[in-house]
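Here are my notes for a colleague who is opening this structure for the first time. Please keep the sequence and the 3D view at hand while reading.

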Amino acid sequence: MKILLELIRLVLPVAIVAGGVVAYSAISSQKKEPEKTEIKEVIPLVETVPVTVHPHSLDIHLDGSVVPHREISMSAEVAGMITMKAPECRAGRFVKAGTLLVEIDSRNYRLEVERLTEEVKQAEATLKELDVELQNVDALLDIAHEETLLRQRELRRILALNQQSATSETAVDEARRMEMNARNSTLTLQNQSRKLEASRARLQSARNLSATKLKQAELDVEKATVRAPIDGVIVSESVEQNSFVQPGTLLFAIDDTSAAEVRCSLRMEELEWVLRQAPTASPSSGNEPVSHSLDYELPQTSATVTYRSKLGDVRWEGKLTRFEGIGVDERTRTVPCRILVENPREKIKATADTPYSGPRALVRGMFVSVVLHTHPGQTLLSIPEVAVQPGNQVFCVRDDKLKIVALKEISLTDGYVLTPVNQDGLREGDQVVVSPLIAPLDGMSVRVEKAASTPKVAGR
């Protein structure tokens, strides 16, 4: 038995290996070679739309907030107690230009007007007295001139007689004395006349000074009444009746409602589209020098301002007029600018069917949408936004070959991308891919199926 077990232990592994070799040989003899099939190239099918010329203005969509066209702060120009504050002088009230809003106690100023009025009258009376005195001196001076001439003729006669020894030396001396007295009287009257003229000039200057002070006092009386300088809305009030104010004390602030402005910001690429417009130059002779101020001004660009509410949209007409300051905002890297709405109470239309019950005018603080209607001086190509791939690339199909075109200058408007014509080889009529494409390569073959309708996505 022991010998049998030893024999099985030696023979069994050999038998197993031999059986495996026989089985492998049998299976290998029955295996067929796999058939070789030719792999055909799969050409992707793409949908395309044609590139068209944009026939309209280039609309730039912005967001903004309404700010006052002008805010005027009215301050007291004279000191005194406020004796009257009109009911209209309250925040939120609309007032017309010229409406009396505040009165300051003007009794002291009126008394000053009366005092200076009397002072001017006294100066004028003194001037009249001086004029009479001047007339009298002039009359006496005429007489003195005649007296001097008479004494000079008498002296010449006495001298002639003295040469003939017909008179004494005493008579000659007396004649000389009389002639000298006449000349002295004339000189005295002349000095008096010049002194009176100087006094008259001094009194006239004093009269003019009093008259100037009188005008200042009358102006102070006028300043004691404060009226609305413009049609507008009172936005703040700082004083009450019976309070005392000093010159410079803020009384109230008023917003100008004759116009409104919208503060918004342009990205640099949007600003470039605005600046590309043809400038609106005024007629000139052609010899006028170029104004450097044009380098800091924006072309007048029409705009539509829209206020949206649950009851509908309300629109106003406006225009881009100016930068807000100069330079780029360091935080947002955008250029602040202003849209002027000349008629904030004249709405274009309300789109809702029900009557609009919101604000009737464009007022400060409203958040609005702005559309700038620019007219760049070059032809623009229009491409559906869905055709633009990441990196501002489009897949253009020419002769059933794919061409990848990179766009450098683009603008979004109403679901379309606009780019200048002849930009990077893109032309009118080119077919651009609007369907998904896996692993696109420049120059690869594609099959074209034109889209049934132009895909469109909502603009921003």
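This is a predicted model: local features need pLDDT of at least 70, side-chain atom pairs count only at pLDDT 80 or more; totals for chains, interfaces and linings use all residues.

1. The four-stranded sheet. Start with the open sheet of four strands, whose order is S4-S11-S9-S6. The pairing in this sheet is antiparallel. Strand S4 (71–75) and strand S6 (94–95) are its edge strands, since each pairs on one side only. In general, strands of a sheet pair through backbone hydrogen bonds.

2. Strand S6 meets strand S9 (residues 232–237) through two bridges, and the two run antiparallel. To find the place, look for Val-95: its bridge partner in S9 is Gly-232.

3. Strand S5 and its partners. Strand S5 (residues 80–85) pairs with strand S10 (residues 244–245) over two bridges, in the antiparallel sense. Here Met-81 has Phe-244 of S10 as its bridge partner. Strand S5 is also joined to strand S7 (residues 100–104), by three bridges, and this pair runs antiparallel too. Ile-82 finds its bridge partner in S7 at Ile-104.

4. Salt bridges within helix H2. The count of salt bridges comes to 29. One of them links the side chains of Arg-115 and Glu-112, at 2.7 Å from N to O. Why can these two meet? They are three residues apart in helix H2, so about one helical turn separates them. Arg-115 is partly exposed, at 42% relative accessibility. Glu-112 is partly exposed as well, at 30%. Another salt bridge joins Glu-118 to Lys-121, with the closest N and O atoms 3.8 Å apart. Both residues lie in helix H2, three residues apart, again about one turn. Glu-118 has a relative accessible area of 43%, so it counts as partly exposed. Lys-121, at 48%, is also partly exposed.

5. A salt bridge between helices. Arg-207 and Glu-124 meet through their side chains at 3.9 Å, N to O. Arg-207 sits in helix H3 (residues 169–223) and Glu-124 in helix H2, so the pair ties together parts that are 83 residues apart in sequence. Is Arg-207 buried or exposed? It is buried, because its relative accessibility is 18% and the cut-off for buried is under 20%. Glu-124 is partly exposed, with a relative accessible area of 34%.

6. A salt-bridge network. Some salt bridges share partners. In this way Glu-261, Arg-263, Arg-322, Glu-324 and Arg-338 are joined into one network.

7. The negative patch. Which residues gather in a patch of negative charge on the surface? They are Asp-138, Asp-142, Glu-146 and Glu-197. Helix H2 (residues 107–163) gives the largest share of the patch, three residues. Glu-146 is found in helix H2. Its relative accessible area is 56%, so Glu-146 counts as exposed.

8. A loop residue to check. Ile-348 is in the loop between strand S15 (335–341) and strand S16 (367–374). At 41% relative accessibility, Ile-348 is partly exposed.

Note on methods: Residues are numbered from 1 along each chain as its sequence is written. Side-chain values use heavy atoms; hydrogens and water are left out. Patches are made of residues with over 30% relative accessible area and no salt bridge: like charges are joined within 9 Å, nonpolar side chains (Val, Leu, Ile, Met, Phe, Trp, Tyr) within 5 Å. Accessible areas come from the Shrake-Rupley method with a 1.4 Å probe; for residues, only the protein chains shown count as cover. A salt bridge is a side-chain nitrogen of Lys or Arg within 4 Å of a carboxyl oxygen of Asp or Glu. Lys and Arg count as positive and Asp and Glu as negative; His and the chain ends are not counted. The place of a charge is taken as NZ of Lys, CZ of Arg, CG of Asp or CD of Glu. Buried means under 20% relative accessible area, exposed over 50%, partly exposed in between (1.4 Å probe, protein chains only). Two strands pair if DSSP finds at least two bridges between them.
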